[in-house]
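Welcome! Take a moment to look over the sequence and the 3D view, then try each exercise before reading its solution.

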Amino acid sequence: CSISGRLLELVSELVGVSPELYHREMVMNHFLRWYCSSQSVGKWKTINLVVSSLRVDAIAAKGLNISRRQMWEISLNSSPYLNGVAVKKSRQVKTGDVVEVDYKSKDNQYVRGRVEVLDIGEGTRKGGYHVTLKRNKLYLTDPPLER
């Protein structure tokens with residue numbers, strides 16, 4: 001995909017990414033990430049869950065209904081994103097945070113999953129947390145671009 005230099009500059013300014021530091025594909029990936037997160041793409045579903053931890057990987061795994069093992073394998077290849085920034089999977093989330101993960105589903109479809117933390121409730125007797133999440137799964141036609 002070729003894009004004009006001026007468009008690249010505009011996207012870079014909008015997203016806050018310097019074109020000298022990243023390849024064109026990286027800038028476009030940041031732009032698409034920003035654009036998709038600013039739009040109401042797909043259907044959002046609100047869910048109430050109990051999670052064992054407030055770590056990014058635990059919230060993403062529970063919210064997207066994937067196993068912790070699969071989440072571990074995903075984080076080996078690419079970092080999860082917290083509020084649009086790549087973070088370690090051990091980072092803690094708080095109310096209002098958005099966790100985003102690109103992964104391949106069981107039926108070999110590429111998925112961009114987003115989980116927004118709406119509320120973190122009281123703890124459970126066994127040390128877990130009651131959380132209210134808003135989940136969105138966007139099925140991609142092509143694999144996500146390298147980050």
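The exercises below go from the whole chain to single residues, and the model they use is a predicted one.

**Exercise 1. Get an overview of the chain: how many helices and strands does the protein chain have, and in what pattern do they follow along the sequence?**

Solution. 
- Step 1: Count the elements. The protein chain holds 4 helices and 6 strands.
- Step 2: Read them in order along the sequence, and the pattern is α-α-β-α-α-β-β-β-β-β.
- Step 3: Of the chain's 147 residues, 37% count as buried.
- Step 4: Look at how far contacts reach. Among contacts with a separation of 6 or more, 53% join residues 24 or more positions apart.

**Exercise 2. Examine helix α3 and decide: is it largely enclosed or largely open?**

Solution. 
- Step 1: Find the helix, which covers residues 56–64.
- Step 2: List its buried residues: Val 56, Asp 57, Ala 58, Ile 59, Ala 60, Ala 61, Gly 63 and Leu 64.
- Step 3: Draw the conclusion. Because 8 of the 9 residues of α3 are buried, the rest of the structure largely encloses this helix.
- Step 4: Pick out the acidic residue Asp 57. The cut-off for buried is under 20% relative accessible area, so Asp 57, at 7% relative accessibility, counts as buried.
- Step 5: See what surrounds this residue. Leaving out residues up to four places away in sequence, Asp 57 touches Arg 68, Met 71 and Lys 89.
- Step 6: Asn 65 follows α3 and has a positive phi, near 60°.

**Exercise 3. Work out how the buried residues of helix α4 are arranged around its axis.**

Solution. 
- Step 1: Locate α4 at residues 68–77 and note that Gln 70, Met 71, Ile 74 and Ser 75 are buried there.
- Step 2: Look down the axis. These buried residues fall within an arc of 140°, so they line one face of α4.
- Step 3: Recall a general point: an α-helix has 3.6 residues a turn, so residues three or four places apart point the same way.
- Step 4: Turn to the other side of α4, where Arg 69 and Leu 76 are exposed.
- Step 5: Ask what lies over the buried residues. Their cover includes α3 and β4 (98–104).
- Step 6: With 37% relative accessibility, Glu 73 counts as partly exposed.

**Exercise 4. Describe the largest nonpolar core: how many residues does it have, and which have the most contacts inside it?**

Solution. 
- Step 1: The core has 22 residues, and those with the most contacts inside it are Ile 59, Ile 66, Val 93, Val 99, Val 101, Tyr 103 and Leu 133.
- Step 2: Trace the contributors. β1 (44–51), α3, α4, β4, β5 (110–123) and β6 (129–140) supply at least two core residues each.
- Step 3: Find the largest share, which is the 5 residues from α3.
- Step 4: Zoom in on Ile 66. Beyond its neighbours within four places in sequence, Ile 66 is in contact with Ala 60, Ala 61, Met 71, Ile 74 and Tyr 103.

Conventions
Residues numbered from 1 in each chain as written. Predicted model: local features only at pLDDT ≥ 70, side-chain atom pairs only at ≥ 80, totals over all residues. Heavy atoms only, no water. Buried < 20%, exposed > 50% of the residue type's maximum accessible area, 1.4 Å probe, protein only. Contact = heavy atoms within 4.5 Å. Arc of directions from axis to C-beta. Core = buried A, V, L, I, M, F, W, Y, C linked by side-chain atoms within 4.5 Å.
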